[in-house]
Amino acid sequence: FDNQPLKGRRVVVTAGGTKEPIDPVRFLTNRSSGKMGYALAEAALAAGADVTLIAATKRDCSAAIHLVLAPSAKEMLKAVEEAMLDADAFIGAAAVSDFALEKPFDKKVKKTSSDSHLTLDLVQNPDILKTVGTQKKPGQVVIGFAAETNDLLQNAERKLKSKQADMIVANDVLAPSAGFDKDTNQVTLIQANQVPIEIGPKSKTAIAEDIIQQLVTILDGQ
Ligand code: C5P
């Protein structure tokens, strides 16, 4: 980035697939690698921002990024709410589990000879993006992701409204160059009353730079 367009700005990014504990040794998770979120944190840093990356998945990143590990959705929400107190922008790239055990087992669950079934009772997790979107302060910009397998634009537009986000990065996870654990992605940027912007397919690093460039445009327009 030329001339550090995010200098003096604080950007909070979430990354990775959350891990929801079952017992002390097991958890429920998903296929997210965290690559897109880490690439966004690096791109925001390169643009001059002060970056807090709240990640459920540990990967290498620049030492200048404030990395906070938050494995479960509840831990992630707590870290995000604290970081958003003095942030200019939120980018929710994490694949947050929609469900978790209300109360994980204290001890490792054992097999028994009497019962071949185990039932786990799951309850809905808090929606981190929706919480940030509905609680955002004037001037704060909120960006979310929508991983879809069908009706990409309609679903993304619905999410833009329901989560009170300023932009949704819609991602067709079934496209050959897009989705979980790939190094490339193909996305559509959706904002209210604007023509959708199609990006890629190209590397997650290059996609992240375009998303950060769009964040700069939104922040400058306020
Ligand atoms: O509604 P859906 O989960 O498809 O929306 C995806 C977006 O919402 C992503 O930005 C994801 O990080 C965020 N999300 C969240 N908390 C949840 C579920 C999704 O922040 N519990």
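1. Start with strands E4 and E5: they run parallel and are joined by 4 bridges. Leu 53 stands opposite Leu 67 in E5. Keep in mind throughout that this is a predicted model.

2. E4 also pairs with E1, again in the parallel sense, over 6 bridges. If you want a pair to click on, take Arg 10, whose bridge partner in E4 is Asp 50. How much of E4 is covered? Most of it, with 5 of its 6 residues buried.

3. As a reminder, strands of a sheet pair through backbone hydrogen bonds, in either a parallel or an antiparallel way.

4. For an antiparallel example, look at E10 and E11, joined by 4 bridges. Within this pairing, Asn 171 has Val 187 in E11 as its bridge partner.

5. Which of its residues are buried? Leu 152, Ala 156, Lys 159 and Leu 160 are. These four cover an arc of only 105 degrees around the axis, which is why they end up on the same side of H4. Gln 154 and Lys 161, on the other side of H4, are exposed. The cover over the buried residues includes strands E9 (141–148), E10 (167–172) and E11 (184–190).

6. Both ends of H4 have a backbone detail to check. In the loop between E9 and H4 sits Asp 151, a non-glycine residue with a positive phi, near 45 degrees. After H4 comes Gln 164, with a positive phi near 50 degrees. For background, most residues other than glycine have a negative phi, and most peptide bonds are trans.

7. Gln 4, in the segment before E1, has a phi near 45 degrees, positive although the residue is not glycine. Gln 4 is exposed, with 12 other C-beta atoms within 10 Å. Then there is a cis peptide bond between Gly 200 and Pro 201, with omega at about 5 degrees. Pro 201 lies in strand E12.

8. What surrounds the ligand? The shell has 13 residues, and the closest are Gly 92, Val 96, Ile 128, Leu 129 and Gly 144. By type, the shell divides into 7 nonpolar, 3 polar and 3 charged residues. Helix H3 (128–135) and E9 each supply at least two of the shell residues, and E9 gives the largest share, 3 residues.

9. Is Thr 18 buried or exposed? Thr 18 is in the loop between E1 and E2 (20–23), yet it counts as buried because it has 28 C-beta neighbours inside 10 Å, with 20 or more being the cut-off. Leaving aside residues within four places in sequence, its contacts include Thr 29, Ala 56, Pro 71, Met 76 and Val 96. Ser 113, by contrast, is 32 Å from Thr 18, C-alpha to C-alpha, and 95 residues away in sequence.

10. Finally, Pro 126, in the loop between E8 (122–124) and H3. With 16 C-beta neighbours inside 10 Å, Pro 126 is partly exposed. Not counting residues up to four places away in sequence, Pro 126 touches Ala 73, Lys 74, Leu 77 and Thr 131.

Note on methods:
Residues are numbered from 1 along each chain as its sequence is written. This is a predicted model: local features need pLDDT of at least 70, side-chain atom pairs count only at pLDDT 80 or more; totals for chains, interfaces and linings use all residues. The arc is that of the directions from the helix axis to the C-beta atoms. Two residues are in contact if their C-beta atoms, placed from the backbone, lie within 7 Å. Two strands pair if DSSP finds at least two bridges between them. A residue is near a molecule or strand if its C-beta atom, placed from the backbone, lies within 6 Å of it. Ala, Val, Leu, Ile, Met, Phe, Trp, Tyr, Cys and Pro count as nonpolar, Asp, Glu, Lys and Arg as charged, and the others, Gly among them, as polar.
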